Structures are given as C-alpha cells and as structure tokens.
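Grab a pencil and have the viewer open. Try each exercise yourself before reading its solution.

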Amino acid sequence: MTAPRLDALEIGQVVADADYRISRDSLVRYAGASGDFNAIHYRDDVAEAVGLPGVLAHGMLTMGIAVQSVVDWLGDPGRILDYGVRFTRPVVVDPLEGAGIAVVAKVGALDPDAGEARIDLTVTAHGGTVLGKAQVRVSLR
C-alpha cells in the first residue's frame, strides 16, 4: 500500500470515516489482554452500585479503536509519531446491542518542512463525543 502524500492533503479534508462496534465480548478480551479487570467493565451490578449508567468500555480500548481508522488510511502504524486524547464521556456497552463508535478523521494541520500532518479525530458514541482533542501526528515522508 502506498502512503498518503503530504502535498495531496488539505486542512479540513476527511481522510477516514469509520464505524466500529464494541460488544461485551470485546470488553472481556480487552480485559484479558490489558490486565484491567475492573468489574465496571463487565458487571452491571458493580457499575450501577458505583453510580455508572452501565458497564463501560475501557478508555484505552476506545482510544485504540479510534486510531485504527488512521492506521488503515496510513497503511503503516509506524507512521504515527504521537497520539493523544482526553476522555470526555464514557461508552456504555449494552449487554445485547453493544455500543457503536463513529470516527471521522480530518486533516488538522500540515507541516511540509517536517513532512508531518496532524489528524484530528471526532469520536462519538450514543450521539455524544467520547474523546476530546483526539489528535494524531503522522509522518508522511
């Protein structure tokens, strides 16, 4: 796969638009892989007892899913130089329906001298933004 060219990008250009689904199975698999077995990620009674609206997706799982759209666009995860987000709202994962996460990735800034672009992500679930200031700095040399 050929990497995107910096000179072909414009600020505001959408480079990825993707939808992902998280299920309770996804949460169990992520808990095992990450070692984060906090019961709010798999037990409704515990989540409700601490005042949460339901079982929540791990924040780092949501963050990892969101950047996948940029990885797919780049074709090489090694081109990601930096990635940061602010967790703004939890993703509640319904036991039957799961949760949908929508990601739109747009060019936020270009730096021709460095051969880099900043890709800004809009990440939503249940109609609200779940990751704020989600920005990915990528190398396009």
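Predicted model: local features only at pLDDT ≥ 70, side-chain atom pairs only at ≥ 80, totals over all residues.

Residues are numbered from 1 along each chain as its sequence is written, and side-chain values use heavy atoms, leaving out hydrogens and water.

**Exercise 1.** Work out the strand order of the sheet and find its edge strands.

*Solution.* 
- Step 1: helices (H or I, at least four residues) and strands (E, at least two) are DSSP runs, numbered from the N terminus.
- Step 2: strands pair if DSSP finds at least two bridges between them. Here five strands make an open, antiparallel sheet, ordered 1-3-4-5-2.
- Step 3: strand 1 (14-22) and strand 2 (80-87) each pair on one side only, which makes them the edges.
- Step 4: look at strand 4 (residues 116-125) and strand 5 (residues 128-139), joined antiparallel over nine bridges. Glu116 has Ser139 in strand 5 as its bridge partner.

**Exercise 2.** Decide which residues of helix 1 (residues 24-34) are buried, and what covers them.

*Solution.* 
- Step 1: apply the cut-offs: buried is under 20% relative accessible area, exposed over 50%, partly exposed in between (1.4 Å probe, protein chains only). Arg24, Leu27 and Ala31 come out buried.
- Step 2: these residues share one side of helix 1 because they span an arc of only 50° around the axis, taken from the directions from the helix axis to the C-beta atoms.

Terms used: Contact = heavy atoms within 4.5 Å.
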